[in-house]
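Hi,

Here is the structure I promised to pass on. Have a look at it first, and my notes follow below.

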Amino acid sequence: MEKNDRKQANQRVVKRLGIAAVLMFGFGFALVPLYDVFCDITGINGKTGRIDMEEALSQQVDADRLVTVEFLATVHSDLPWEFRPMVRRIKVHPGEVTEVNYLASNKTENLVAGQAVPSLAPGLAAKYFNKTECFCFTRQTLGPGESREMPLRFVVDPELPENVRTVSLSYTFYQAEPDASGSTSSMESGGLESVM
Amino acid sequence: MSTATTHDDHHDHGAPSGLMRWVKTTNHKDIGTLYLWFAFIMLLIGGAMAMVIRAELFQPGMQVVDPQFFNTMTTMHGLIMVFGAIMPGMVGLANWQIPLMIGAPDMALPRMNNWSFWILPFAGTMLISTLFMEGGGPAFGWTFYAPLSTTFAPASTDFFIFAVHMLGFSSIMGAINIIATVLNMRAPGMTLMKMPLFVWTWFITAFLLIAVMPVLAGAVTMMLTDRNFGTSFFDAAGGGDPVLFQHVFWFFGHPEVYIMILPAFGVISEIIPTFARKKLFGYSSMVYATASIAFLSFIVYAHHMFTTGMPVAGELYFMYATIMIAVPTAVKVFNWTATMWKGSMTFEPPMLWAIAFVFLFTIGGFTGLMMGIAPVDMQYHDTYFIVAHFHYVLVTGALFAIIAAFYYWAPKWTGHMVNDRLAKIHFWWSVISVNVLFFPQHFIGLAGMPRRIPDYSLQFADWNMISSLGGFAFGLAQVFFLFVIIKTIRGGEPATSEVWEGAQGLEWTVASPAPYHTFATAPEVR
């Protein structure tokens with residue numbers, strides 16, 4: 001190979017492999033949404049679903065079966081709120097639309113915004129647990145000392161496997177950016193939008 | 001690039017003198033030497049940390065160090081050995097040998113080569129400096145799982161993150177250089193399927209590096225923003241997921257173990273034919289086996305995560321895919337054995353290390369098969385059994401191959417034969433002590449002793465003491481190795497060009513020691 005040809009060939013290799021390395025760096029980040037999509041499709045990882053009211057009401061109620069739903073609440077250490085479910089545990093028929101409330105109170109003198117993140121155990125039951133309304137769909141803002149009941153309306157899919165008799169729904173409230181736009185900041189949106 | 005041209009234009013000078021020779025060098029032999037010395041120094045530092053671990057585990061109870069420092073030691077030992085010793089050691093061999101083996105005057109991109117080495121000492125210093133920072137060094141294990149490495153890690157973790165970034169840059173530049181060299185610098189007549197296997201294995205390894213080092217860089221970048229800039233990639237409270245970290249990490253981590261072992265396969269495939277005085281059995285099947293191992297390494301990674309609660313379908317898939325890797329690996333072991341079969345074997349030091357590699361690496365491979373079976377992995381996971389497994393593949397595998405490569409090529413590098421008696425003492429000392437060190441760990445692992453814990457219950461005491469004794473002996477053997485290396489550099493029986501009676505390949509056609517500039521005129525390959 002002539003010296004100039006070789007130099008050109010080397011530059012070509014460096015360019016192509018450099019691009020490959022940059023693309024793989026991007027692929028590392030692309031794994032984040034891919035992972036969420038994968039969990040969404042397979043229903044693993046405790047990420048619960050969202051359906052509209054019509055679809056929820058169209059489900060056949062299985063009156064022969066009762067499933068226990070337990071409610072848990074956690075507040076992230078950065079958020080100066082109190083947060084608890086109004087009922088700890090109820091029994092529901094699969095296919096029956098049920099509404100429960102959580103109570104959140106702001107313990108400070110300031111306006112504070114929070115975002116709740118759900119998780120359902122056992123993880124494999126998550127895709128059979130759907131919500132038509134939830135305070136976790138949007139960020140919640142509480143004024144100084146304000147308390148509010150936060151509604152949650154859900155339906156357990158009658159297809160829920162027979163061996164699951166109890167599911168535990170847990171919410172963690174964490175502090176959100178206190179802007180008024182109602183959307184989350186760009187840094188946080190990667191993880192947030194997919195967990196509704 | 002201009003430096004490369006100047007170099008090609010007048011190649012009659014020897015090595016410049018003085019310290020700046022090493023700082024400014026673009027010569028592949030100088031840079032290879034720098035890499036190898038860096039790797040050896042890191043081996044001794046990481047080894048010293050292993051001695052601290054074995055001293056603490058010598059007896060049950062807390063004796064030598066506090067638990068936080070113990071965890072720092074297991075973390076730093078792993079990081080330094082993987083990123084400081086084994087990987088740079090292999091790159092050092094590549095720098096020295098690839099141009100000599102394909103008849104090239106130097107690496108394709110000599111200036112970048114200098115850069116990829118000189119990043120390393122800074123990255124290494126930054127990593128080790130975390131030990132002296134407030135709050136101590138990283139103590140979350142070399143796999144740095146979130147949230148241990150994000151929410152609960154000491155402040156020094158940010159320095160660890162930048163060190164990993166720098167190591168990644170160095171590896172990617174080194175890999176680009178190797179691919180460019182192999183593609184563009186081969187002597188006329190050196191077709192791809194005539195290349196020595198060491199060159200082939202490194203060529204494939206370089207592609208693995210380019211594919212996965214950026215993913216590691218992405219993982220630590222996500223850690224960095226999670227720690228400092230309020231993102232929640234791995235924080236469940238913010239909608240992220242700690243298990244995601246394990247997926248991203250092992251997407252890098254599994255190919256990484258093949259990055260460390262494939263060049264070792266190459267070294268062994270050079271040594272065994274020389275001392276069996278036969279051509280390598282099944283050359284093309286070796287190339288295809290290497291390529292298939294590289295491909296499979298991308299689709300099996302979640303076998304490190306069987307205990308995360310993945311669905312049964314996932315466990316089945318990753319189990320079958322993992323066990324499939326045994327097929328190309330078995331092809332390799334078969335070919336090495338078949339090369340020795342009815343060969344006129346002699347047992348010079350490189351051959352002893354190579355045979356020990358084949359035997360002991362295969363033990364590590366078999367325990368790997370055991371771990372690959374998902375239902376039993378539930379018991380072995382995070383016990384000393386996995387510690388025994390990966391030390392058999394990385395110490396008696398990758399490290400033994402680097403040592404074998406030293407004994408094989410040192411006469412070419414230094415111009416002196418290695419003292420046979422000292423080399424054999426080093427070999428038997430190491431090979432016996434390494435088994436005393438790691439074999440008992442299989443037993444205590446199967447009996448349930450967890451890894452990364454400074455204390456253990458009484459029933460593990462005997463085997464731990466034996467393992468520690470083996471560890472001290474093996475550590476001392478590598479200090480003896482330093483003595484052998486220095487003695488070989490300073491003198492010894494002069495080596496001929498061919499060095500070994502049965503040696504084939506272009507590197508044995510140049511004088512010993514190899515002149516500063518070789519193959520200025522490309523050799524003709526039949």
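A word on naming before anything else: helices (H or I, at least four residues) and strands (E, at least two) are DSSP runs, numbered from the N terminus. Keep in mind that this is a predicted model, where local features need pLDDT of at least 70 and side-chain atom pairs count only at pLDDT 80 or more, while totals for chains, interfaces and linings use all residues. Residues are numbered from 1 along each chain as its sequence is written, and chains are lettered from A and ligands numbered from 1 in the order in which they are written.

Most residues other than glycine have a negative phi, and most peptide bonds are trans. Arg277(B), in the loop between H8 and H9 of chain B, has a positive phi near 55 degrees. Phe144(B) also has a positive phi, near 30 degrees, and sits in the loop between helix H5 (110-129) and helix H6 (157-184) of chain B.

How exposed are these two? I call a residue buried if 20 or more other C-beta atoms lie within 10 Å of its own, exposed if 12 or fewer, and partly exposed in between, with C-beta atoms placed from the backbone. Phe144(B) has 23 C-beta neighbours inside 10 Å, so it counts as buried. Arg277(B) has 16 and therefore counts as partly exposed.

As for cis peptide bonds, one runs from Ala121(A) to Pro122(A), with omega near -5 degrees; Pro122(A) is in the loop between E6 and strand E7 (129-134) of chain A. Another runs from Ser512(B) to Pro513(B), again with omega near -5 degrees, and Pro513(B) falls in the segment after helix H16 (461-490) of chain B.

Next, helix H11 of chain B, residues 326-340. Its 15 residues reach 21 Å from first C-alpha to last, close to the expected 21 Å (1.5 Å times one less than the number of residues). Thr329(B), Lys332(B), Asn335(B), Trp336(B) and Thr339(B) are buried in H11(B). Seen down the axis of H11(B), the buried residues fall within an arc of 120 degrees, so they line one face of the helix; the arc is that of the directions from the helix axis to the C-beta atoms. Their cover includes H8 (242-276), H9 (283-296) and H12 (349-372) of chain B, where contact needs C-beta atoms, placed from the backbone, within 7 Å. Thr337(B), also in H11 of chain B, has 13 C-beta neighbours inside 10 Å and so counts as partly exposed. After H11(B) comes Lys342(B), with a positive phi near 60 degrees.

Chain A has three helices and ten strands. Of its 196 residues, 30% count as buried. Among chain A contacts between residues at least 6 apart in sequence, 77% join residues at least 24 apart.

Finally, which parts of chain A touch chain B? In total, 35 residues of chain A are in contact with 34 residues of chain B. Helix H1 (3-42), strand E6 (112-121), strand E10 (166-175) and helix H3 (186-192) of chain A each supply at least two residues of the side of chain A that touches chain B. H1(A) gives the largest share of that side, with 19 residues.

Cheers

Definitions and conventions
Two residues are in contact if their C-beta atoms, placed from the backbone, lie within 7 Å.
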